[in-house]
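Please find below a colleague's note on the structure shown here. The points are numbered and may be read in any order.

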Amino acid sequence: MIADPYKVLGVREDVTDQELKKAYRELSKKYHPDANPNDPKAAEERFKDIQEAYRQITDARERGVSAYGREPEPASYGQTGSGRQYSYKEYSSASSAFEDFFTQWQRAQQEAQRQSWQQQGTSYSGSEHYDNVIRAAYNYINANRYFEAVNALNGISAAERDAQWYYVSAIANQGAGNNITAMQYAKRAVDMDPSNYLYAQLLQRLQGGGERYQSRGAIYSPASSGSGWCLSMIALNLLCNCFGNGFFC
Amino acid sequence: MFGYVICNKNEMKIRDYETYRSFYCGLCHTLLKRYGRKGQALLSYDLTFLNILLESLYESPLTEKNERCVVHPAKKHHMVYNGITEYTADMCVLLTYYKLLDDWKDEHSVPRRAGAQALARSVRKIEKDYPGQARAVKECISQLAVYEKKNESDLDKVAGLTGHMLAEIFCYRTDEWTDEMQMIGFYLGKYIYLVDAYVDLKKDTRKGRYNVWKHYEHRKDFDALVENTLTMMMSECARFFERLPIVQNDEILRNILYSGVWVRYNACKEKEIKGTRE
């Protein structure tokens, strides 16, 4: 985390998205290792900082929080330290919007666990198998291994699936790209336990994306087929395609 | 499955539309140069989108030309292209080849098979150059057949195949933006699959063909379900797009992602409404 990412990019806090991107492009061109044959190592360090600063501001703006760097999370929270919020190669696509989430529920979970272990030494929900699966799922999620989290969670029988299962499964599925399932599960978690603010917050985040998209899209009037534009586009495409062996005709 | 990632021309500045056409013509020109007439026939707006996206991300120098084209011989057309256009052209061929093979398997259409055979040699070279992409396309098509056979109802599962395929196609190279590009491709792929299935629903029902939406069309809230699902896909796609440091052609790209992709869906819905009124 960079303490002042705006300084790194040489921009003000109220910089527009467009200006931010321009600033990033100029600096990254300047400090790209390939463009600095005299001292590629130093350039690479600077390049990484520029990248991280850009990402930090972009993430923060998406989530509506401050972009200034915080104290790094202690290693026990299970961060991979890879620096990347998501990695498609592992069938995962963590929304960095969940970073705050993880911090919150990690603390909540650790607190609940600490309390229950102190009190009774027995699990606070359901069978031991269930607890192990939930714990494993959390660990997989922390490591951005969403596909494995989903698999582990699917090992719980339908009868045992409570609000917590749906909540954790929503996060795991969202990370694995199964956003339709994730939304369904988040709704289910809220239905089963309406008083839980974490569940409500997750649902709100998942729904927020769609709302943001629709408001950005509202500036465009929908093309009506009556204008003939739509048909002409498709016809034009076909015409260009048909010239040739015509296997589309 | 092609022809959904188009622009909303009425909502575009003329200057931007001309730029859009320059990229389209540049892709056509590259397909012709690399694969001849049969390659030119594979031109699509969908891959023009990918071309513009990559060009805007990397801002590599473009070759510009004004040339007459055989399809539009009346006047010269402005076209732009470079190495990225060559990649996009290769992906056009890859996607179409396997689609043709798949169609031939389904429909035993001889022209489809002839089309596939004509491209076979070119495809072998592309497979060597881009093994990841080739593998993803093959896997998608073969796994889709499996899901169709068992009449799969899970939307994420079936749409995810096209998502996975496009994620790899969008992966022009491995660098600091690979994750974003893959996510854009993934969710766009899911959108394309689902919107295409929706548009084809009546036809597939008539012909007794598999269509994932068949599992849901009895629901009272079916129309809302479709629209919400499609919106979920595009919102994720657009979200990852906005993370890219793109400053050129961003109005074109936004027109496509926020409006253009809905053009055919809206046309289909309008037809439905007109149909039920009559």
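1. Basis of the model. This is a predicted model, in which local features need pLDDT of at least 70 and side-chain atom pairs count only at pLDDT 80 or more, while totals for chains, interfaces and linings use all residues. Residues are numbered from 1 along each chain as its sequence is written, chains are lettered from A and ligands numbered from 1 in the order in which they are written, and side-chain values use heavy atoms, with hydrogens and water left out.

2. Chain A overall. Chain A has ten helices and zero strands; helices (H or I, at least four residues) and strands (E, at least two) are DSSP runs, numbered from the N terminus. Of its 249 residues, 44% count as buried, where buried means under 20% relative accessible area, exposed over 50%, and partly exposed in between (1.4 Å probe, protein chains only). Among the contacts in chain A with a separation of 6 or more, 61% come from residues 24 or more positions apart, a contact being heavy atoms within 4.5 Å.

3. Packing within chain A. Helix α5 (residues 128–142) and helix α7 (residues 163–175) of chain A pack at an angle of about 25°, with their axes 10 Å apart. Axes are lines fitted to C-alpha atoms, for helices over the stretch in contact, and angles run from 0 to 180 degrees between N-to-C directions. α5(A) and α7(A) are therefore roughly parallel to each other; angles under 35 degrees count as roughly parallel, over 145 as roughly antiparallel, 65 to 115 as roughly perpendicular and the rest as oblique. The residues that meet include A:Tyr130, A:Ile134 and A:Ala137 in α5(A), and A:Trp165, A:Val168 and A:Ile171 in α7(A).

4. Packing between the chains. Helix α9 (residues 197–217) of chain A packs with α10(B) at an angle of about 120°, and the axes are 10 Å apart. The two helices, α9(A) and α10(B), are therefore oblique to each other. On the α9(A) side, A:Tyr213, A:Arg216 and A:Gly217 meet B:Arg254, B:Leu257 and B:Tyr258 in α10(B).

5. A tilted pair in chain B. Over all chains, the structure holds 24 aromatic pairs. Rings of Phe, Tyr and Trp (its six-membered ring) pair if their centres lie within 6.5 Å; planes under 30 degrees apart count as stacked, over 60 as edge-to-face and the rest as tilted. The ring centres of B:Tyr58 and B:Tyr172 are 5.9 Å apart and the planes are at 55°, so this pair is tilted. B:Tyr58 lies in helix α2 (residues 45–58) of chain B and B:Tyr172 in the loop between α6 (155–169) and α7 (178–199), so the pair ties together parts that are 114 residues apart in sequence. B:Tyr58 is buried at a relative accessible area of 15%, whereas B:Tyr172 is partly exposed at 24%.

6. In the pair of B:Tyr191 and B:Trp262, the ring centres are 5.4 Å apart and the planes are at 70°, so the pair is edge-to-face. It links distant parts of the chain, with B:Tyr191 in helix α7 of chain B and B:Trp262 in the loop between α10 (250–258) and α11 (263–277), 71 residues apart. B:Tyr191 is buried, with a relative accessible area of 1%, and B:Trp262 is buried at 10%. Both belong to one aromatic cluster, whose members include B:Tyr198, B:Trp213 and B:Tyr265.

7. Charges over rings. B:Arg173 lies over the face of B:Tyr58, at 4.0 Å from the ring centre. In chain A, A:Arg46 lies over the face of A:Tyr31, at 4.4 Å from the ring centre. A charge sits over a ring if NZ of Lys or CZ of Arg is within 6 Å of the ring centre and within 35 degrees of the ring normal.

8. Single residues. B:Glu59 has a positive phi of about 45° although it is not a glycine; B:Glu59 is found in the loop between α2 and β1 (63–68) of chain B. B:Ser22, in helix α1 (residues 14–40) of chain B, is buried, with a relative accessible area of 6%. Leaving aside residues up to four places away in sequence, B:Ser22 touches B:His78, B:Met79 and B:Val80.
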